[in-house]
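Thanks, everyone. Please have the model open.

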Amino acid sequence: MDQASARDVSAPARIAPAGEGIGQEELALAARNHGLPLEALRYEVTPPGLHYVLVHYDIPAADADGWRLTVDGRVGTPLSLDLDALRALPAVTHRVTMECAGNGRALLSPRPVSQPWLVEAVGTADWTGVPLGLVLDRAGVRPDAVEAVFTGADHGVERGVEQDYRRSLPLPYAASDDSGVLIAYAMNGLPLPPQHGYPLRLVVPGWYGMAHVKWLREITLVDAPFTGFQQSVAYRFRWSADEPDDPGEPVTRIAPRALMAPPGFPDFMSRTRVVHPGPVRLRGRAWSGRGGVARVEVSADDGLTWARAELAAPDPHPWAWQAWSCLWTAVPGRHTLTVRATDAAGRTQPLEQPWNRGGFGNNLVQRVPVLCVAAPQEMPSSLTAW
């Protein structure tokens, strides 16, 4: 009898051939994970049930009473902290915009087969917890420690590798006050919901969501760079479709992006927006993981011409998205509204997205099809009938 292996049920990464639609496995992922309804961009702080969710494996059955966070490895004093001990430490709250590294993957061609995000994999929350640096100070970081490895309680198999979900951050960055990294136990003033990491998670401002390890149970300081699956195999920029073994470059900070809350009202199936002629206030949010957003521009002709939007100041929440708005005068006909952000470091969203094998860091400009009609009775029948 042949010996069974996890590889028997865990396929390697692949690129969908031309013409292949979204498959049943991708639909199953999309049913488990959800994005932000774009009309919810109206909320400065996203309600937990509307914040995007990505769960790699299963949501663990967490018992808060028995939960402990261990801190070990290259430390002077290993720690084992229960939730009461963590809550007794000085707490801070950071408003942080979090975005999945695969946001926009389904828009790439050819399409990397994985969670089929469009543009909605984002949300902003007030995260409360203990600064990571404070806990590491209590443990006493040894001089030879170079990274902190974070282990979550979620366990599964990916590309044939059975694993706990683990990621690392470099030292001393991870422990610095400037990084804002938190061991969080509350979201928007309440205990973390199960899907958001109850009872503990990591929050890493400015980094894509893969760094924000959920269901956190262990921090291990190591004296060499961590080479686990989620660090050295997954979440890498690989630019060639023909070299799957290319080590690539690590996915880290969030690229600039602006999103528009679609104006008017939608057709049920096509999601095409319908507006009436006249002034239409366009609104949305913009963010970047490398500093504030410097400007937001809006186009009503799919990027041929651009108008500057009014941008709200980022303070006092430097790691959160910024509101923007502008006035558009709609005239009858079809339009493609487009929005793009440029951050303080000069990075601008592209009109055509460079391709990468994992579908990561895709910050292609958002395009919103809009139909402007003179009056409700003049809407095409396809927009009014079931």
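I will start with Pro172, which sits in the loop between β6 (161-170) and β7 (182-187). Strands here are DSSP runs of E of at least two residues, and helices are runs of H or I of at least four, numbered from the N terminus. The bond that joins Leu171 and Pro172 is a cis peptide bond, with omega about 0°.

Before I go on, this is a predicted model, where local features need pLDDT of at least 70, side-chain atom pairs count only at pLDDT 80 or more, and totals for chains, interfaces and linings use all residues. Residues are numbered from 1 along each chain as its sequence is written, and side-chain values use heavy atoms, with hydrogens and water left out.

Another cis peptide bond runs from Ser109 to Pro110, with omega near 0°. Pro110 belongs to the loop between β3 (92-99) and β4 (122-131).

Next, backbone angles. Asn188 is not a glycine, yet its phi is positive, about 55°. Asn188 is in the loop between β7 and β8 (190-191). It counts as partly exposed because its relative accessibility is 25%; buried means under 20% relative accessible area, exposed over 50%, and partly exposed in between, with a 1.4 Å probe and protein chains only.

Trp215 also is not a glycine and has a positive phi, about 50°. Its loop runs between β9 (201-203) and β10 (216-222). With a relative accessible area of 1%, Trp215 is buried.

Now Asn356, in the loop between β21 (333-343) and β22 (366-372). Is Asn356 buried or exposed? Its relative accessibility is 1%, so Asn356 counts as buried. Its side chain reaches the backbone nitrogen of Gly359 at 3.0 Å. Leaving out residues up to four places away in sequence, Asn356 touches Leu108, Pro112, Phe237, Arg238 and Trp239, where contact means heavy atoms within 4.5 Å.

How many cavities of 30 Å³ or more does a search of the whole structure find? The search finds 1. A cavity is a set of points on a 1 Å grid over the protein atoms alone where a 1.4 Å probe fits but cannot get out, and lining residues have an atom within 4 Å of a point. The largest cavity has a volume of about 200 Å³. It is lined by 18 residues, and the closest to its centre are Leu54, Arg201, Gly209, His212 and Lys214. The lining divides into 10 nonpolar, 5 polar and 3 charged residues.

Methods
A polar contact is a pair of N or O atoms within 3.5 Å; within protein, one must be able to donate a hydrogen and the other to accept it, and residues adjacent in sequence count only if both atoms are side-chain atoms. On a 1 Å grid over the protein atoms alone, a cavity is a set of points where a 1.4 Å probe fits but cannot get out, and a pocket is an open set with protein on both sides within 12 Å along at least five of seven lines; lining residues have an atom within 4 Å of a point. Grid points are joined across faces, edges and corners, and a volume is the space filled by probe spheres set on the points. Ala, Val, Leu, Ile, Met, Phe, Trp, Tyr, Cys and Pro count as nonpolar, Asp, Glu, Lys and Arg as charged, and the others, Gly among them, as polar.
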